[in-house]
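Please look over the sequence and the model below before reading the report.

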Amino acid sequence: MAYQAFRTNGAPTYYDENPTPWQADILESGLIFAFVILAVSFYVILPGIRGKEKIFTFIRVTLSLYIGAVIILTNWTYTWETGEIHTRTKYKAGTGEEIDADIGVHIGLRGINITLKGTPEKQLNETINYNEHFSWEWEQGRLGFGPFAGRFNREYRAAQFRGLPLPILWIAEYFTLDGEGIRWGRHYRQAGWYSHIMLWLCFPLWLLTNILFFVLLRYGAYFLIMTGGSMIIANIIWASLRNLNELKIPWEDGIMEFSYGGSFYVSLITGIFCVVAGIVIRVLDLRFPNALTSFFGVDVLQDTDEVAVADYEDQAARKKGIEMQDRDGEPSTSADRPKPGEPMKPPVSAKAAMSASIHVVPEEEEDDEELYMAPVEPPAHRYEKRKSRGLTIKLQKSRRRRPPPPPPADEPDEMYVNTGVRYSKGDKNCDYSEVVRFNDSSVEDVAISMDN
């Protein structure tokens with residue numbers, strides 16, 4: 001008995017038709033399914049992430065996959081422009097019969113879909129529910145409807161041979177390439193061709209954006225702006241090239257007019273969102289880098305294109321050397337200090353003329369007693385560190401351990417000169433050595449004559 005189910009008079013098993021709406025395109029369904037799989041794969045690992053990072057990861061994954069899905073799906077959908085009308089029209093050539101039907105046209109970047117559905121669906125002893133697809137992909141082809149013509153023209157000629165209803169042929173004729181001097185088909189084909197090129201440009205930019213958000217946030221923001229800009233350019237191309245004159249198809253009960261569909265607005269809104277999001281990320285990278293790196297899960301020290309870190313030990317040594325020069329006799333003003341690479345002037349003695357009444361008789365100067373200070377060479381800069389953001393630079397330490405600085409030369413903290421003093425006062429003559437220290441205001445060596 002089981003083998004006789006659904007059989008009539010011993011014929012093979014008969015299954016009723018399984019009508020599928022034309023919008024349920026197999027390719028589009030596969031693309032949607034692919035992005036859903038990616039989203040579910042990322043969402044499964046969310047419970048293993050701790051704290052706020054779980055929310056941040058959910059937001060990043062959702063927005064990134066949304067942008068990618070919009071780029072791919074809008075490239076293949078047929079809802080960039082739509083038009084619908086309910087009218088009474090001729091059914092087929094040679095019959096003279098009329099039907100009441102809903103007629104719809106859906107235009108995409110690669111072709112058009114034309115639907116014809118009777119109201120009611122059963123009329124003239126048959127089911128009136130048609131959907132036909134005409135594509136203008138690949139080569140433009142020659143003019144006319146021959147074997148070397150474009151794809152759209154050849155499909156239109158094949159539809160005529162098959163005897164499709166007149167409303168479908170009437171609409172398709174408007175989109176033939178230069179058929180009967182009509183240019184709407186050429187304009188729509190050019191608009192779809194250049195728009196789909198810009199959308200394909202968005203796809204690698206989107207991939208690079210996701211990669212750069214794990215390397216350098218600023219470049220990720222730049223590529224996100226370029227991704228949104230390419231999507232907006234695709235919309236501008238479609239709106240400007242699709243036709244010079246608005247397409248209006250007359251019918252018995254009215255005129256079919258076309259308007260932008262869901263794919264056009266989704267692409268436009270997503271493009272604007274990408275541009276605004278890229279600008280916001282760039283501004284936050286300048287103003288609040290710590291919070292932004294926490295949101296993207298990037299190391300705060302990694303988010304910089306500089307490879308060198310300032311050498312604070314060299315800066316401290318240079319600062320200390322300048323202080324020593326000022327203290328040991330070098331003029332304190334920057335104008336009086338020697339330039340890097342020039343020898344310093346020899347130090348001079350302390351102040352002259354402690355008292356105007358003292359008669360000073362200097363002894364013969366001894367060159368070997370004079371102290372000279374070696375010229376201070378500025379430390380060589382390994383790299384010039386440029387502070388590129390408001391990041392706390394004190395936290396940025398060198399990742400490699402630097403060699404210890406060379407020990408300073410053995411120099412006394414204070415330099416002294418013993419000068420022989422000969423003075424006479426009254427009947428007493430004596431020699432006395434006075435220790436004179438150089439200080440910051442010393443200008444010459446003096447011998448001080450004092451009274452015991």
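This is a predicted model: local features need pLDDT of at least 70, side-chain atom pairs count only at pLDDT 80 or more; totals for chains, interfaces and linings use all residues.

Residues are numbered from 1 along each chain as its sequence is written, and side-chain values use heavy atoms, with hydrogens and water left out.

| Property of the protein | Value |
|---|---|
| Helices and strands | 9 helices and 9 strands |
| Buried residues | 35% of 452 residues |
| Accessible surface | about 28900 Å² |

Helices (H or I, at least four residues) and strands (E, at least two) are DSSP runs, numbered from the N terminus; buried means under 20% relative accessible area, exposed over 50%, and partly exposed in between (1.4 Å probe, protein chains only). Accessible areas come from the Shrake-Rupley method with a 1.4 Å probe, and for residues only the protein chains shown count as cover.

In helix α1 the buried residues are Glu28, Leu31, Phe35 and Ala39. Seen down the axis of α1, these residues fall within an arc of 70 degrees (taken from the directions from the helix axis to the C-beta atoms), so they line one face of the helix. They pack against α2 (53–76) and α5 (184–212), whereas the face turned away from the buried side carries the exposed residues Ile26, Phe33 and Val44.

Phe42 also lies in α1, which covers residues 26–44, and is partly exposed, with a relative accessible area of 38%.

Methods. Contact means heavy atoms within 4.5 Å.
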